[in-house]
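Subject: Structure handover

Hi,

Here is the structure I promised to pass on. Please open it alongside this note.

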Amino acid sequence: MKTILTVDDSRTMREMLRRALQDSGFNVVQAEDGVHGIEVLQGIDPDVIITDVNMPRMDGLQFIEEVRADRERRAIPILVLTTESDAEKKARARAAGATGWIVKPFDPVKLIDAINRVAA
Amino acid sequence: MDAMAEIRATFFEECAEQLAELEAGLLAIESGEADADTVNAVFRAVHSIKGGAGAFNLDDLVHFAHVFETTLDELRSNRLEATLDVVRVMLRAADVLADLVTVARDGGSVDAVRTRGLVEELKALVGGKKDAPAAAPAASDDGPIFAPMVGDGMDGLDFVPVSVDLSDMMDGGESRYRIQFRPRAELYAKANESARLIRECLALGSGEVTCDTSAIPLLTDLDPEGAYLAWTIELASEAGEPAVREIFEFVEWDCDLSIDRILDASAMAADDGVDPEIAALLARLAGGADAAADEPAADAPMAEVVELKPAAAAAAPKPAPAAEAPAPRKAERAAAAAESGDAKAAAAGSAPAATIRVDLERVDRLIDLVGELVIHQVMLSQRVMQAGLARASDVAVGLDELEQLTREIQDSVMAIRAQPVKSVFQKLPRLVREVADITGKQVRLITEGEWTEVDKTVIERLSDPLTHMIRNAIDHGVERPEKRVAAGKGEEGTVRVAAMHRSGRIVIEISDDGAGINRQVVRKIAVDKGLIPADASLSDEETDNLIFLPGFSTKEEVSELSGRGVGMDVVKRSIQALGGRVSIASKPGEGSMFTMSLPLTLAVLDGMIVSAGDHTLVVPLTAIIETLKPKPAEVRGFGNDQRLIEVRGNFMPLVDVARQLGYREEPTDALSGVAILVEAENGARSALLVDGIQGQRQVVIKSLEANYGRVPGVAAATILGDGRVALIIDVDVVAATSRFEQNYFSSGLQAAE
Amino acid sequence: MNDNESAGARELIAFRIGEQEFCVDIISVREIRGFAAATPLPHSPDYVRGVINLRGTVLPIVDLAARLGFGATIPTARSVIIVVRVNQQLVGLLVDAVSDILTVTDDLLQPTPELASELARAFVRGVMAVEGRMISLIAVDNVLPQMELAA
């Protein structure tokens with residue numbers, strides 16, 4: 001079973017992701033922000049990471065940079081959640097090393113498609 | 001509750017938290033205490049609400065949040081200065097946002113004019129800046145979720161993921177595409193893989209893949225993280241070009257990509273210069289090769305590629321046969337369904353949690369059980385004493401330790417329910433804004449001690465009296481700006497709300513720097529309404545406290561607020577119902593301060609255990625002023641069946657508790673009993689005559705209403721050390737029934753529910 | 001739990017008040033406990049015996065004999081309290097003694113005879129003949145005073 005790490009400060013969004021992902025047979029691990037995400041990554045090796053951008057303590061962009069700088073974790077595909085198809089935000093996410101993105105509110109089918117597109 | 005409803009509930013819970021954060025942040029900005037984090041947090045709050053609202057199709061909320069967010073973004077990026085005017089617009093926008101959330105949750109409608117007005121105001125704040133992307137709010141009208149930002153020069157490149165009906169794009173037939181794809185190192189650095197992309201392409205139809213290895217340098221020159229391969233995919237597919245392009249959605253900036261539709265089938269030809277063996281290998285990708293495809297071929301050209309393996313992503317794709325890909329996925333899903341319980345456990349287990357959310361019922365059950373434990377421990381101790389065991393015996397010592405532990409457990413359990421008063425204080429800024437608006441006054445709110453903790457039941461019931469007192473402070477305390485200026489004060493009045501712990505109780509002070517109580521007016525009203533005799537001699541303090549008398553109301557001017565019919569007597573009553581007290585201190589011209597003190601919990605109560613007519617009763621300690629032994633000269637008959645007692649020159653009713661509660665027909669002998677001097681809710685004093693006093697004790701409050709109902713004169717019940725139920729006297733009712741305020745029924749204490 | 005349940009059968013707890021037998025549906029019964037002295041409640045009807053401590057819960061005790069108009073029960077060693085759930089509340093019914101547990105079918109239940117007192121009929125859902133005895137089925141819903149009046 002593939003494990004997905006979701007990093008989002010919104011409980012609502014975490015729950016929606018969890019539901020959609022578990023319904024599609026993924027194992028879901030949740031983190032509340034970038035700092036928490038980094039902590040969680042010490043203990044698991046997810047197949048894909050889905051992260052929000054705007055978060056307290058450590059935002060999604062910095063989180064991605066930290067993951068990409070980690071030799072052990074750098075190859076994990078990371079999908080960014082964006083609220084709109086904001087080109088600037090996507091560009092910044094790409095620059096930080098995001099593999100792809102998911103537009104909120106997400107269509108569960110597209111979510112799974114996006115994951116399958118990046119998951120090894 | 002189904003899953004979606006649960007998430008919806010979570011969303012609204014979270015909204016409440018974010019609205020609180022939003023307001024707190026804006027207030028911090030207003031008072032100049034904000035830093036960049038504050039602005040970010042404020043932005044994030046609105047952003048999160050918008051995100052969740054979108055998921056539930058709450059369009060009004062999404063739309064407003066979007067406009068709000070756009071303006072906040074200006075603030076965040078320093079394109080808009082946080083002047084007082086700007087922050088005040090945002091505070092009002094926060095109020096509207098809160099209303100929209102409420103309506104989204106509970107139904108109903110919002111003030112559309114107000115909402116529209118604020119949308120305009122918010123837009124105006126952005127519109128005022130010419131260099132800002134002024135079109136953003138406008139774009140939101142078209143569709144807030146997918147609105148592309150205008151003017152960032154990337155429109156041509158940006159792929160807007162809208163669902164496309166492919167049938168419109170095609171003529172029903174198969175199209176041929178030539179996809180030329182040369183990844184750059186960045187593509188791999190972002191954990192994308194060319195093999196996966198190629199596989200996805202081939203999944204759309206059928207085709208051939210050729211690889212250009214000409215750029216692979218000598219091993220010594222090879223950057224393990226470089227990208228040296230280029231691919232050409234000749235694809236025949238029924239899918240439209242957008243579907244093909246979507247595959248490369250994430251990578252188009254990190255590769256050279258061209259997707260051309262080929263009309264002439266003869267154009268399907270392999271590029272020159274491709275190593276035939278690699279071409280053959282890659283061709284197997286399309287041809288449904290088996291697992292052998294995972295094994296790199298041992299041939300020379302591939303060997304170079306294989307050596308790249310540590311930087312695997314760069315050049316050694318591990319493609320799975322496209323045709324088989326969906327099958328294992330399905331199998332995984334089936335397996336996952338069976339293990340979904342484990343998945344949840346794993347998800348929960350791996351997230352380190354500093355806090356847990358517990359159903360309140362469980363905590364209450366625990367509190368009940370600990371209450372039981374305390375009772376049984378006391379019973380056990382009493383039995384041991386009765387059995388004549390020495391205090392120094394092992395059993396007695398062990399029991400002492402048990403008692404210690406039991407108390408500690410009780411304290412710890414009570415602490416679980418303790419919450420900071422912040423949740424109540426959070427609602428005050430909005431209240432102050434609104435009341436100030438209505439009354440035409442300028443008021444600044446200062447809150448202190450918002451982290452002071454108190455039991456949840458107290459928190460829940462703190463809000464109403466606090467609201468009334470703040471309303472009162474603004475309505476009657478703080479003067480209008482012109483009056484203030486005339487009095488040599490600043491135009492803006494201050495209302496300060498402070499919470500603190502003091503001798504085992506929580507004390508909340510509500511003070512204003514207004515005009516203070518006009519004692520002449522208060523006295524005159526009290527006399528006019530017959531609340532006090534015209535010649536009553538009252539201290540300043542006593543005069544001030546007249547405002548708490550039932551029937552007193554200083555409605556000199558009928559404002560929108562005082563029309564609500566809430567007098568300070570009701571406030572005092574509700575505070576006393578919580579086992580609390582309230583008082584006022586005022587200085588003419590300088591302001592007033594209300595002080596209310598409440599028990600930290602409604603689950604236990606300090607009581608005096610008394611006997612009356614063979615029964616044991618509990619009198620709440622908060623109501624008791626003193627106890628005394630009546631002397632013959634002090635007790636007088638009054639009317640046909642009443643008695644009065646004289647205490648230091650004042651006569652007050654002597655209430656025969658046993659008779660009042662129907663325990664006894666004949667009057668209790670006043671001289672052999674004890675008089676407990678109590679103060680009722682209206683400040684009136686009386687003396688409760690009981691047979692004797694057994695002691696003082698903290699008792700666990702038990703609801704009578706849960707299984708029975710309200711009993712006049714009884715506030716609640718408790719369980720004593722002998723396991724029997726004892727009733728807690730509702731002092732207000734018991735005292736009042738022998739007075740003229742017969743219609744005065746107390747709401748009584750309630751056990752923690 | 002019970003094979004007969006589907007056949008319209010129900011289990012009843014039968015008890016005595018004086019010389020008469022009554023019963024309540026076992027589904028509403030939480031427990032049966034020995035009688036303990038209750039703390040009287042002021043201003044309550046005479047059939048409300050008071051309240052007792054049921055493991056931390058304050059439980060009102062209704063003297064069922066008094067409630068049915070037979071006069072107050074004088075508790076004996078055999079007196080028991082049948083704790084029943086009525087809506088969301090728990091109530092203890094003081095009765096002289098538990099006599100039996102019966103399994104009966106609904107068709108055994110007959111309407112309460114006209115000759116029963118008005119008061120008794122308010123609390124008796126119907127009567128049934130079991131092994132030559134007449135047993136009245138108590139409707140527990142109305143045994144507590146209507147508390148709205150207290151407000």
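Below is what was found in it, by topic. Keep in mind that this is a predicted model.

**Salt bridges**

Across all chains, the count comes to 46 salt bridges.

E17(B) and R11(A) form a salt bridge through their side chains, at 3.2 Å from N to O. E17(B) sits in helix α1 (residues 3–30) of chain B, and R11(A) sits in helix α1 (residues 11–23) of chain A, so this pair joins two chains. E17(B) is partly exposed, at 38% relative accessible area. R11(A) is buried, at 16% relative accessibility; the cut-off for buried is under 20%.

The second pair is within chain B. The side chains of R643(B) and D656(B) make a salt bridge, with 3.4 Å from N to O. R643(B) belongs to strand β16 (residues 642–647) and D656(B) to strand β17 (residues 650–656), both of chain B, so the bridge ties together parts 13 residues apart in sequence. Are these two residues buried or exposed? Both R643(B) and D656(B) are buried.

E705(B) is partly exposed, with a relative accessible area of 27%. R710(B) is also partly exposed, at 33%.

Then there is a network. E23(B), D95(B), D99(B), R114(B), R430(B), R433(B) and E434(B) are joined into one network by salt bridges that share partners. Three of these names, D95(B), D99(B) and R114(B), come back in a helix contact below.

Two helix pairs share α5(B). Two packed helices are described by the angle between their axes and the distance between the axes.

Take α3(B) first. Helix α3 (residues 59–76) of chain B packs on helix α5 (residues 112–127) of chain B at an angle of about 25 degrees, and the axes are 9 Å apart. That angle makes α3(B) roughly parallel to α5(B), because angles under 35 degrees count that way. The crossing of the two helices is left-handed.

Which residues make the contact between α3(B) and α5(B)? From α3(B) come F64(B), V67(B), F68(B), T70(B), T71(B) and E74(B). From α5(B) come T115(B), L118(B), V119(B), L122(B), K123(B), L125(B) and V126(B). By type, the residues of this contact divide into eight nonpolar, three polar and two charged.

Now α4(B). The axes of helix α4 (residues 84–106) of chain B and α5(B) come within 10 Å, and they cross at roughly 140 degrees. That makes α4(B) oblique to α5(B), because an angle has to be over 145 degrees to count as roughly antiparallel. The crossing of α4(B) and α5(B) is left-handed.

On the α4(B) side, the contact is made by V86(B), V89(B), R92(B), A93(B), D95(B), V96(B), D99(B) and L100(B). On the α5(B) side, R114(B), T115(B), L118(B), E121(B), L122(B) and L125(B) take part. The residues of this contact divide into eight nonpolar, one polar and five charged.

**Chain C**

V48(C) lies in strand β4 (residues 48–54) of chain C. V48(C) is buried, at 6% relative accessibility. What does V48(C) touch, leaving aside residues up to four places away in sequence? The partners are Y708(B), L41(C), I61(C) and P145(C).

Two backbone angles deserve a look. Most residues other than glycine have a negative phi. H43(C) is not a glycine, yet its phi is positive, about 55 degrees. H43(C) is in the loop between β3 (29–34) and β4 of chain C. H43(C) is exposed, at 54% relative accessibility.

N87(C) is the other case here. Its phi is positive too, about 50 degrees, and N87(C) is not a glycine. N87(C) is placed in the loop between β6 (80–86) and β7 (89–95) of chain C. At 61% relative accessibility, N87(C) is exposed.

Best wishes

Key:
Residues are numbered from 1 along each chain as its sequence is written. Chains are lettered from A and ligands numbered from 1 in the order in which they are written. This is a predicted model: local features need pLDDT of at least 70, side-chain atom pairs count only at pLDDT 80 or more; totals for chains, interfaces and linings use all residues. Side-chain values use heavy atoms; hydrogens and water are left out. A salt bridge is a side-chain nitrogen of Lys or Arg within 4 Å of a carboxyl oxygen of Asp or Glu. Helices (H or I, at least four residues) and strands (E, at least two) are DSSP runs, numbered from the N terminus. Buried means under 20% relative accessible area, exposed over 50%, partly exposed in between (1.4 Å probe, protein chains only). Axes are lines fitted to C-alpha atoms, for helices over the stretch in contact, and angles run from 0 to 180 degrees between N-to-C directions. Angles under 35 degrees count as roughly parallel, over 145 as roughly antiparallel, 65 to 115 as roughly perpendicular and the rest as oblique. A crossing is left-handed if the near helix is turned anticlockwise from the far one by less than a right angle, and right-handed if clockwise. Contact means heavy atoms within 4.5 Å. Ala, Val, Leu, Ile, Met, Phe, Trp, Tyr, Cys and Pro count as nonpolar, Asp, Glu, Lys and Arg as charged, and the others, Gly among them, as polar.
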